[in-house]
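Please open the model in your viewer and keep the selection panel at hand. The stops below are given in the order in which they can be selected.

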There are 2 protein chains.
Amino acid sequence: MSDGPLLKNLSLNQITTEQWNLREAVEGCVRKEIPWISLWRHKIEEIGLAESKRIVTDAGLKVSSLCRGGMFPAATAKERQVKIDDNKRAIEEAAELGTDTLVLVCGPGPDRDIDAARSSVENGIEALVPFAESHGVKLAIEPLHPMYAADRSVIVTLDQANTIAEQYTPQQVGVVVDVFHVWWDPDLYNQITRASGRIHGFHVSDWIVPVPDMFKGRGMMGDGVIEIRRIRKAVEAAGYHGPIEVEIINQSLWDQPGDDVLKKIKESYLKHV
Amino acid sequence: MSDGPLLKNLSLNQITTEQWNLREAVEGCVRKEIPWISLWRHKIEEIGLAESKRIVTDAGLKVSSLCRGGMFPAATAKERQVKIDDNKRAIEEAAELGTDTLVLVCGPGPDRDIDAARSSVENGIEALVPFAESHGVKLAIEPLHPMYAADRSVIVTLDQANTIAEQYTPQQVGVVVDVFHVWWDPDLYNQITRASGRIHGFHVSDWIVPVPDMFKGRGMMGDGVIEIRRIRKAVEAAGYHGPIEVEIINQSLWDQPGDDVLKKIKESYLKHV
């Protein structure tokens, strides 16, 4: 048995080919024999849910997850409800698209009170669980890198994500391990073990030096410093054998022909994941 | 008694006025009645240690710390020794300048093996402690923000810094709490309490949104999202009542007249720290 990952688990996270619309991304995956895709809502919105579903189903692709729900903290009760309602629509979309996983990027606080923002995240998840469960959709908390604590997510460690998730069954709430977000964490391997049975997604990219951009600065696997294979093996040892999403947010990849990007992804995946 | 910090504790970390040489920074502090200064080695090098000492002493300024030692991990034994030797020179310089605190920025790994790099840091500190102690200099481990894990420090949490420091007496090894580096940490206040008695420095700036630059992107206190006063009070509750260094690495500040920067620092310090 090879040391590398299985091609049957490879998933294109759609943000990696932001230059493509949904149809182009699906057709690209078919051409390059990538069996999974993770869909983003802004791409679905362009053509509508029914058409998105038809394209993916006709192509025979499997949907590894929907990106994304979350963004819970809000300055007012009204705004909070708007966010909960939007999350419910995301859950419905996930179910309709045939994926059981909604990735949660939990959101920043509306002000300096980070403890309150973290409570808002917990409350938001609590409010969604029954709805998600009734749709057969698991909520997957993705801790983001601490450098996004002020503008994307106050949930910044796998420890936090596990602590929230453990209040529910694994079918209700789990975590996403994204190597870009967690590689620096001194407690990483303990927390992956702790997440056994409730890892609902595994995302790969790399941390390149220097990082070219705070948001669009991720690298192709192998081009950076992350021990990706070690983390993949830890995630597998914790019982996760599902799709592995390649999620690389990088302007230079978006400026290339999508087919070239998919070719590099497959090569780097086999060599470095 | 006011809720704000004491002016007698205000220290200018010299990197905040990178546009100034050492003499200019010292004279600026005198004009603005800032009683402390933290010196950087590249500024000392420009004029030599003896002259630097004379300028600071003649001005009646107190030196809160020397920045910086550390940078321990190395690819070869020879390179490692070069780094240890450089740290010993930094310890001698700190002692000569009349500060008892050498700030350690611990360094990145030479390769992907982050565990090995972290061990190198521990070994480097162990190798330095007797030398530092004999010079009356405390080693102060400054955990950096995890976004610097690949290029500046594999020590990224106060938990890691405390765990290393606790192997020694507080007079030998302690920690620096820099709000920019630790504000996101869900375990922050526990770790500050844990560090009681061995906090050897407290640095302030702010996290502005969006961050304009990975390295030179810190903000003036009050301009960002960090609960600076809350952290200052926690640090004081943990027994630290020493100098508070304003350490803002930001190109836009470096492009301003230094006196204007010092004026803003004093105002922001009193209002937001």
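**From the annotated domain to the interface**

Begin by selecting residues 40-257 of chain A, whose end C-alpha atoms lie 19 Å apart, and colour by secondary structure: the span is 43% helix and 17% strand, with helices (H or I, at least four residues) and strands (E, at least two) taken as DSSP runs numbered from the N terminus. For these residues an unreviewed UniProt entry lists "domain: Xylose isomerase-like TIM barrel", an annotation that may be inferred rather than shown by experiment.

This is a predicted model, in which local features need pLDDT of at least 70 and side-chain atom pairs count only at pLDDT 80 or more, while totals for chains, interfaces and linings use all residues. Residues are numbered from 1 along each chain as its sequence is written, chains are lettered from A in the order in which they are written, and side-chain values use heavy atoms, without hydrogens and water.

Next, select the contact between the chains (heavy atoms within 4.5 Å), to which chain A and chain B each bring 28 residues. About 2300 Å² is buried between chain A and chain B, with 64% from carbon and sulfur atoms; buried area here is the accessible area (1.4 Å probe) lost by two parts on being put together, summed over both.

Finally, display R230(A) and D115(B), which form a salt bridge with the closest N and O atoms 2.7 Å apart; the count between the two chains is 2 salt bridges (a Lys or Arg side-chain nitrogen within 4 Å of an Asp or Glu carboxyl oxygen). Helix 5 (residues 114-134) of chain A gives the most to the side touching chain B, with 3 residues.
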